[in-house]
Amino acid sequence: LAAADPRNSEWQRDLWVSFNSIGDVLRAQSDGAAALESYRAGLAIVEKLAAADPRNASWQRDLSMSFASIGDVLAAQGNGAAALDSYRKGLAIAERLAAADSGNAVWQRFLSASYNYIGDVLSAQGYGAAALANYRNGLAIAEKLATADLRNAEWQRDLIVSNVKLAEVATEARDLAIARQHYEEALRIAQGLASDGRLAPVDAWMPGDLQRRIEALTKQIGG
């Protein structure tokens, strides 16, 4: 269908979705090379769509998602420089979307995730200070979202993830007291979700794991 009518944007986007879905399956099967090929085929399609209508926020977000997926594969392959480049392209789009519609929680959450993706690569490369700056940007957005809707369990989970990332960077920098503070905040949120039945079963390990991390840090700190 897409080949028969290249100007049909709906069919072109459907083709993008297919390439992305295939990439997801291949990545889950640890076939990074094939996943990357599929994601890049999807990227080529959505780049044309986004260029044809730069004001279409949905296509811009699709483009940002493609860059993020490609970055994920490249990071898993150990190609940090290329992953960082792809993530930053996605971040630039996410920043524009979030700035254009500051009340759109979807754009804001995607922006927070984009900062975390970049922070992960920088952390793996040993750039702790730069990773910290990105994680803090992500946390600031996650905090606003979570505060706006305290019943949204996904947004509360985002706060847990952001605090853990900050704790890990602080631990690497031997700033153990700050690391413990972030772990304690993550534990507080996780326990709150667990107490009212909103902690997903797949995340049931979180409170115990966070408690063990806090105890280990406390021993190192000596307090």
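## Pockets, a cavity and a helix pair

The lining of the second largest pocket is made up of nine nonpolar, four polar and three charged residues. Here Ala, Val, Leu, Ile, Met, Phe, Trp, Tyr, Cys and Pro count as nonpolar, Asp, Glu, Lys and Arg as charged, and the others, Gly among them, as polar. This is a predicted model, in which local features need pLDDT of at least 70 and side-chain atom pairs count only at pLDDT 80 or more, while totals for chains, interfaces and linings use all residues. Residues are numbered from 1 along each chain as its sequence is written, and side-chain values use heavy atoms, with hydrogens and water left out.

Let's stay with that second largest pocket for a moment. Its volume is about 200 Å³. Of its 16 lining residues, Gly128, Leu132, Val169, Ala170 and Ala173 are the closest to its centre. H6 gives the most to this lining, with five residues. Helices are DSSP runs (H or I, at least four residues), numbered from the N terminus.

A word on how such spaces are found: on a 1 Å grid over the protein atoms alone, a pocket is an open set of points with protein on both sides within 12 Å along at least five of seven lines, a cavity is a set where a 1.4 Å probe fits but cannot get out, and lining residues have an atom within 4 Å of a point. Grid points are joined across faces, edges and corners, and a volume is the space filled by probe spheres set on the points.

| Space | Volume | Top contributor to the lining |
|---|---|---|
| Largest pocket | about 310 Å³ | H5, seven residues |
| Second largest pocket | about 200 Å³ | H6, five residues |
| Largest cavity | about 30 Å³ | H4, three residues |

In the largest pocket, 17 residues form the lining, and Ala113, Asn116, Tyr117, Asp158 and Val161 are the closest to the centre. By class, this lining has eight nonpolar, three polar and six charged residues.

The largest cavity is lined by Ser64, Ala68, Tyr87, Gly90, Leu91, Ser114 and Tyr117.

Finally, a helix pair. The axes of H7 and H9 (residues 206–221) come within 13 Å and cross at roughly 25°; axes are lines fitted to C-alpha atoms over the stretch in contact, with angles from 0 to 180 degrees between N-to-C directions. H7 is therefore roughly parallel to H9, a term for angles under 35 degrees. On the H7 side, the contact (heavy atoms within 4.5 Å) includes Arg157 and Ile160, and on the H9 side Met206 and Leu210.

How values were computed: Helix = DSSP H or I, 4+ residues; strand = E, 2+ residues; numbered from the N terminus. Parallel < 35°, antiparallel > 145°, perpendicular 65-115°, else oblique.
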